[in-house]
Amino acid sequence: MIHFVLLIVCAVAIYLSCEWFVNAVEWLGERLNVGKMAVGTILAAFGTALPESVVTLVAVTTGGTEEAKNIGVGAAMGGPLALATVAYGITGVALLVKRRRDRAAALATGAALVPASMALGTEKDMRRLAKDQKWFLPIFFVKVSLGLVAFAFKPTLGVLFFAAYAAYFWREIRASRADEAAGDEDDEEEELEALKIQPKKASPDTWAVVAQTLATLVVIFFAAHWFVAQLDVIGPMLGLSATVTALLLSPIATELPEIMNAIIWVRQGKVKLALANVSGSMMIQATVPSGIGLLFTKWHFDGPLLWSGLVTMAAIVYLLLTMRAHRLTPARLAVAAGFYAVFAVGLVPLLA
């Protein structure tokens, strides 16, 4: 029972920390003048994905056996899978709930109704979000392909994944600043909420912004990993093997901060920030942990890892086609979670 209690406590701690984190990171973006969209794709994504990358680094550099090092490889594959399916799917469900509440409020006040089937964002918003998926897909394809071959200089290719993220980082910063300079960033929010630790200041001190950002990241880091630790205990108690727990439950747990960020931003009406946070996190998960894994492991995939890669790419192709056609609705976004169910079903014969 204590493990179930700790699981709930950790989940609550992650959610509350994410509330404070998104509040601080928006102010951090304003201080750094990176543009509002880059707050989601770069700052928030980097902050919540960094702890997971550190865990991958520790696993592959300090693991005493090849099996221990492969934990890092599994994490590098599980992260993008959870983001492309569960994170996007839950964001879609949160958007459906919000639209239903907005419609109920509109009916009560006589305001204009937003059609339930209305696409998310403008065509420009979807083109920009689709561009993230177009960056992700070829990088992830190369990442999976390298897991199927062996050659002498494969480890050195890890550096290329770091370079790919650096190029993406530079592109996002420039694009966001250009949009803001041109007045094209018509984000849903005009005014930032007061900083949590300085609620009475209209413009908080920079030191307070940095302190709140770092403090919340520390809490998120430890709460997320305690959450995973509880799952590792609860899984066998429920009759689940360690492999199933590692491949099905742990990835969702490690991506919980990104999921919580998206839910909070959707609740606040900042839909573009929510979607940008997920897509930006996917880019980090496709590059940084992969580069670390290639440098320090054999990077050889078995059946379950290959299956996770195929399902991830299928989910991204589905999202990319929907975004490019400007037909991404909350319901269609929620469908992405179904790919995770497909992964779970396909995993059964592979582990038998």
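1. Before you start: residues are numbered from 1 along each chain as its sequence is written. In this predicted model, local features need pLDDT of at least 70, side-chain atom pairs count only at pLDDT 80 or more, totals for chains, interfaces and linings use all residues, and side-chain values use heavy atoms, with hydrogens and water left out.

2. Take helix H8, residues 256-267 (helices are DSSP runs of H or I, at least four residues, numbered from the N terminus). Its 12 residues reach 16 Å from first C-alpha to last, close to the 16 Å expected at 1.5 Å a residue (1.5 Å times one less than the number of residues). Of these 12 residues, 10 are buried, including Trp265 (buried is under 20% relative accessible area, exposed over 50%, partly exposed in between, with a 1.4 Å probe and protein chains only).

3. Now look for salt bridges (a side-chain nitrogen of Lys or Arg within 4 Å of a carboxyl oxygen of Asp or Glu); the structure holds eight. In one of them, Arg267 meets Glu19 at 2.6 Å, N to O. Arg267 lies in H8 and Glu19 in helix H1, so the pair ties together parts 248 residues apart in sequence.

4. Lys270 pairs with Glu26 in a salt bridge, at 2.9 Å between the closest N and O atoms. Lys270 counts as buried at 5% relative accessibility, and Glu26 counts as buried at 9%.

5. Asp102 and Lys98 also form a salt bridge. Both lie in helix H3, four residues apart, about one turn of the helix.

Conventions:
Helix = DSSP H or I, 4+ residues; strand = E, 2+ residues; numbered from the N terminus.
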